Amino acid sequence: MDNNSISQAFADVAVLMQVKGENVFKVRAHSKASDVIKSLPYPITDIVDNSEKLSALSGFGDAIVDKTQELVRTGRLGLLDRLLEELPDGILELVQIPGIGPKTAVTAATELGISNFEQLEASIESGEFQNLPRISKKGAAQILRHTKLRVEQGNRIGLGPATQMASDVIVELKSRCGTIVDIEVAGSVRRSSELIGNVDLVCSAMNDEFQDIIDSFTTLSNVRDVIAHNPSMAVFADAKGFRFSLMMVTPEAFDASLVYATGSIAHVTRLEALASERGMTLSSSGLPYPSESLSKDIQTERNIYERLGLNFIPAQMREDSGEIELAEKQDFANILTESDIRGDLHAHTNWSDGRYTMEEMVAVAQKREWEYLAITDHSPSATVANGLSPDMLIAHNTAVRELSISSGIRLLTGTEMDIRPDGSLDYSDELLAGLDIVIASIHSGMDQDIASMTQRVIDAMENPHVDVICHLTARLLGKRSPVEIDIASVLEAAVRTGTVMEINASPDRLDLKAEHIRMGVDMGVIFAVNTDAHRTWQFDNMRFGVSTAIRGWVESDRVINTLHYAELMTFLALPKSERYAFNKSRGH
Ligand SMILES: [Zn+2]
Ligand SMILES: [Zn+2]
């Protein structure tokens with residue numbers, strides 16, 4: 001069992017205990033264990049037989065140690081099974097919907113027999129759900145919005161977990177099969193789609209090794225059902241029904257197979273047509289001229305595109321949304337890459353709701369060889385996030401400045417300031433003026449109508465001190481639907497007021513999303529790609545932000561955190577009305 005599934009089991013226990021109204025300390029102990037296991041930098045199975053090491057983990061009392069060992073050794077947790085048996089079906093699903101607490105979940109399940117998202121949707125639409133206690137008409141409308149999102153999502157999972165699962169499978173398969181020449185994830189994971197239906201892998205080896213690798217693949221530790229199985233491919237589903245496929249190819253055909261397995265169907269169909277116009281046939285085994293035999297030197301992804309008369313197209317852009325027409329005319333050398341990023345302008349510490357000290361966060365950012373990091377803890381309105389009072393913010397600034405001198409990375413003082421429901425800001429202008437950077441976001445009052453919400457954000461943008469608007473739609477992928485907001489008006493206001501729009505890299509958010517980013521690109525918007533890290537390892541999420549930016553066709557000179565430190569400080573020192581013009585003067 002991997003850390004994720006073990007962590008999930010403890011999280012489920014915590015939710016079900018809470019639903020049953022059990023002791024709050026017991027609930028918290030299980031949810032803490034879930035958090036700790038999820039954040040371990042190594043597989044917990046490595047230490048599971050060593051009770052002493054397990055007990056040394058934060059919050060691991062005897063009961064949690066026993067349960068961890070039971071889970072790893074038997075694959076099950078008796079307590080979880082009992083709780084699931086005692087409570088009606090569907091509770092774990094229902095409580096995931098914002099607005100549905102434990103009590104409502106139980107009454108909905110017992111009195112209305114609702115056990116999944118589809119039934120919940122139908123029940124709200126028929127008006128039946130609204131008869132439950134504590135449900136207002138407005139509340140039901142919001143719940144319906146979130147539920148529709150879940151129904152639409154179906155069995156797909158977020159890019160973050162899917163990427164992790166793909167990499168776990170690759171690591172395990174490689175450790176079992178020394179004969180693998182190359183293996184890579186293709187499909188929607190490689191394109192960095194925000195929701196993933198299945199993980200598709202392409203693997204190369206000598207022909208006579210295929211069977212052995214397929215056999216290993218279909219007996220990996222997370223296999224529940226083998227769905228298809230032949231000498232060159234296999235598909236299995238894990239315990240949650242999520243599918244993994246493996247295509248075996250010879251080393252010569254690896255890149256062509258990747259082209260084939262990565263692009264959306266529409267993109268690949270276009271490539272096939274281009275090939276046939278040129279008298280060639282594109283298939284998963286290559287792109288030969290009729291009389292030609294395959295040779296490795298002409299089979300890189302790049303020269304497959306070149307032979308089709310196209311410049312190389314980054315994987316994330318292969319959607320047939322205009323990239324093929326563009327690739328006929330120009331290359332994509334200016335498209336953002338992760339190595340263009342010189343710092344992060346959105347990170348939290350334990351001064352507010354981060355898990356780590358400023359020193360710990362900074363040390364990790366420094367290891368990434370970034371030039372700078374903005375420490376942007378929350379403002380007072382974010383009470384659940386332990387926002388800083390004005391006095392605390394001043395102390396925070398001092399701490400940031402001192403650490404900036406003693407560490408090898410430049411730190412920016414800053415705040416992630418709440419935009420209040422009435423559009424007013426959470427700190428005085430005087431306080432804001434003393435910060436290197438002000439990033440502003442919506443964390444409350446998310447149910448506003450579209451006109452109020454749009455005006456609320458635009459009001460914040462009109463403030464001369466608000467540099468960046470973060471995670472504009474406040475969506476949580478698979479958990480919370482986006483706020484209702486007029487994206488085009490906000491992007492237009494960004495250009496007009498000289499405000500930067502964030503591309504939030506957290507795989508739970510990916511906000512702005514790709515299509516809105518592309519709209520912004522066309523309108524001339526400037527972006528910042530930020531991790532919003534609350535934990536040290538979340539700086540790694542930068543790659544998801546960059547991939548999402550690439551899906552939105554963002555070039556690196558449209559992103560302020562590709563600037564060197566001195567240039568960035570020049571940019572931030574300018575009045576907002578001059579910033580867009582300044583950025584335009586950047587050379588490629
Ligand atoms: Zn935020
Ligand atoms: Zn944040």
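Modeller: Let me start with burial. A residue is buried if 20 or more other C-beta atoms lie within 10 Å of its own, exposed if 12 or fewer, and partly exposed in between, with C-beta atoms placed from the backbone. By that count, buried residues make up 42% of the 588 residues in the protein. This is a predicted model, where local features need pLDDT of at least 70, side-chain atom pairs count only at pLDDT 80 or more, and totals for chains, interfaces and linings use all residues. Residues are numbered from 1 along each chain as its sequence is written, while chains are lettered from A and ligands numbered from 1 in the order in which they are written.

Colleague: How do you know that the radius of gyration agrees with a compact globule?

Modeller: The radius is taken over C-alpha atoms, and the globule rule is 2.2 Å times the number of residues to the power 0.38. For 588 residues the rule gives a value near 25 Å, and the protein has 25 Å, so the two agree. The C-alpha trace spans about 75 × 65 × 55 Å along its principal axes.

Colleague: What counts as a helix or a strand, and how many are there?

Modeller: Both are DSSP runs numbered from the N terminus: helices are H or I with at least four residues, strands are E with at least two. The protein has 25 helices and 14 strands.

Colleague: What makes β8 and β14 edge strands?

Modeller: Start with the order. An open sheet of seven strands runs β8-β9-β10-β11-β12-β13-β14, with parallel pairing. β8 (343–344) and β14 (527–530) each have a single partner strand, so one side of each lacks a neighbour in the sheet.

Colleague: How do you know that β8 pairs with β9?

Modeller: Two strands pair if DSSP finds at least two bridges between them. Two bridges join β8 to β9 (residues 372–378), and the strands run parallel. Gly 343 stands opposite Tyr 372 there.

Colleague: What pairs with β10?

Modeller: β9 and β10 share seven parallel bridges, with His 378 partnered by Glu 416. On the way from β9 to β10 the chain passes through α18. Five bridges then join β10 to β11 (residues 437–441), also parallel. Glu 416 stands opposite Ile 439 in β11.

Colleague: Why is β13 described as largely enclosed?

Modeller: Five of the five residues of β13 (residues 500–504) are buried, so the rest of the structure largely encloses the strand. Val 500, Glu 502 and Asn 504 cover one side, with Met 501 and Ile 503 on the other, all of them buried. β13 and β14 pair over four parallel bridges, and Glu 502 has Ala 528 as its bridge partner.

Colleague: What makes Leu 510 and Leu 512 worth a look?

Modeller: Most residues other than glycine have a negative phi, and most peptide bonds are trans. Leu 510 has a positive phi of about 40°. A cis peptide bond joins Asp 511 and Leu 512, with omega about 5°.

Colleague: Why is Leu 510 called buried?

Modeller: Leu 510 has 28 C-beta neighbours inside 10 Å, so it counts as buried. Trp 553 has 22, so it is buried too. Trp 553 also has a positive phi, near 65°.

Colleague: What makes a set of residues a nonpolar core?

Modeller: The members are buried Ala, Val, Leu, Ile, Met, Phe, Trp, Tyr and Cys residues joined through C-beta atoms within 7 Å. The largest core has 117 residues, and Val 199, Phe 527 and Val 529 have the most contacts inside it. Helix α13 (residues 254–262) gives the most to this core, with six residues. Apart from it lies another core of 34 residues, including Leu 16 and Ile 44.

Definitions and conventions: Right-handed = clockwise from strand over helix to strand, strands pointing away.
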